[in-house]
Amino acid sequence: MTKEIYPPEFLKLLKSVDAKRPKTVIDHILEYGQITTEELKNTYGYNHPPRAIRDVREQGIPIEMFRVTGSDGRKIAAYKFGDPSEVRSTQLSGRTAFSSKLKEALIEKHGARCNIYLEPFPIRELQIDHRVPFEIAGDNGGLSEDIDEYMLLCASANRAKSWSCENCPNWKNKDILACKTCYWAYPESYKHIAMRDIRRLDLLWSGNEVADYEILIEEAAKVQEEAPEYVKKVLRSHFKKKSS
């Protein structure tokens, strides 16, 4: 890919980023014009490429996604800088911008638990995340001091949310109200998941409950069903008996 020529102010912004992960992405795109999910994983060891790309976006730098052919012949995501004129006037470096006081306030209000899985986690494993992605809300909500604009997520839930949001049609439309009615923003009360009319229930088994999970898997295997469908079947049977 031919190297782009960027405006001096845009280059100044790019070179001002010194956090390792976004700087890695920026330097690679400056050198090669783009970076793929394959390169992020294999060259730089980032097992969750969307997070690395999000780190760049949270610096106020526009990033565009497109598809290329990977080494195995399948289509994969690639990223390049967007229109320099779309640089956000307010920059936000996700993790470094969040204070310990904000995390303490969220824990005090919601407990030390993941807002998606609704399970307790060690405080050090919980990450602060915008309910409405900064890419969507931008300056309208990204710097809000209202703790209700944020949520605590475990690493797994945060990765799942990032992937779902970046592959949502609203990622381009940027309708804040659509995000506010999404499961990933308010799992306790939502109308859709990434603009799809579906519902989900995330369940975790821990401690003594793990034995119950193993029984569930064994029972599902006996009838040759996947665990999620087996759980639905058990629930349907329960509700049917309850209503009869």
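How far apart do the C-alpha centres of domain 2 and domain 3 lie?

1. Domains. The C-alpha centres of domain 2 and domain 3 lie 31 Å apart. The chain is divided into domain 1 (8–86), domain 2 (100–181) and domain 3 (210–243), with bounds that come from an automatic or database domain assignment.

2. Basis of the note. This is a predicted model, in which local features need pLDDT of at least 70 and side-chain atom pairs count only at pLDDT 80 or more, while totals for chains, interfaces and linings use all residues. Residues are numbered from 1 along each chain as its sequence is written, and side-chain values use heavy atoms, with hydrogens and water left out.

3. Side chains of opposite charge can pair when their charged atoms come close. The structure holds 13 salt bridges, a salt bridge being a side-chain nitrogen of Lys or Arg within 4 Å of a carboxyl oxygen of Asp or Glu. One of them joins D129 to R54, with the closest N and O atoms 2.3 Å apart. D129 lies in strand β4 (residues 126–130) and R54 in helix α4 (residues 49–57), so the pair ties together parts that are 75 residues apart in sequence. Helices (H or I, at least four residues) and strands (E, at least two) are DSSP runs, numbered from the N terminus. D129 counts as buried at 2% relative accessibility, and R54 counts as buried at 10%, where buried means under 20% relative accessible area, exposed over 50%, and partly exposed in between (1.4 Å probe, protein chains only). A network of salt bridges links R54, D129 and K161.

4. Helix α4 is mostly covered, since nine of its nine residues are buried.

5. The side chains of D27 and K23 meet in a salt bridge with an N to O distance of 3.2 Å, and both residues lie in helix α2 (residues 20–32), four residues apart, which is about one turn of the helix. An α-helix has 3.6 residues a turn, so residues three or four places apart point the same way. D27 counts as partly exposed at 36% relative accessibility, and K23 counts as partly exposed at 34%. Elsewhere, R236 forms a salt bridge with E229, and the closest N and O atoms of that pair are 3.3 Å apart. R236 is partly exposed at 49% relative accessibility, and E229 is partly exposed with a relative accessible area of 35%.

6. Cysteines. A disulfide is a covalent bond between the sulfur atoms of two cysteines. When a disulfide is taken as a pair of cysteine sulfur atoms within 2.5 Å, the count comes to zero. C165 is in no disulfide, and the nearest cysteine sulfur, that of C182, is 6.1 Å away. C165 is buried, with a relative accessible area of 13%. The sulfur of C168 is 6.4 Å from the closest cysteine sulfur, in C182, which is too far for a bond, and C168 is buried with a relative accessible area of 12%.

7. Aromatic rings. Rings of Phe, Tyr and Trp (its six-membered ring) pair if their centres lie within 6.5 Å, and planes under 30 degrees apart count as stacked, over 60 as edge-to-face and the rest as tilted. By this rule the count comes to six aromatic pairs. The rings of Y183 and W184 have their centres 5.1 Å apart and their planes at 75°, so the pair is edge-to-face. Y183 is buried, with a relative accessible area of 3%, and W184 counts as buried at 3% relative accessibility. The rings of W205 and Y213 have their centres 5.1 Å apart and their planes at 50°, so that pair is tilted. Ring pairs also link Y6, F10 and F81 into a cluster.

8. The nonpolar core. A nonpolar core is a set of buried Ala, Val, Leu, Ile, Met, Phe, Trp, Tyr and Cys residues joined through side-chain atoms within 4.5 Å. The largest such core has 26 residues, of which C114, I116, Y117, A157 and W184 touch the most other members. At least two residues of this core are supplied by each of α6 (100–110), β4, α7 (134–137), β5 (150–154) and α8 (155–166), and the largest share, five residues, comes from β5.
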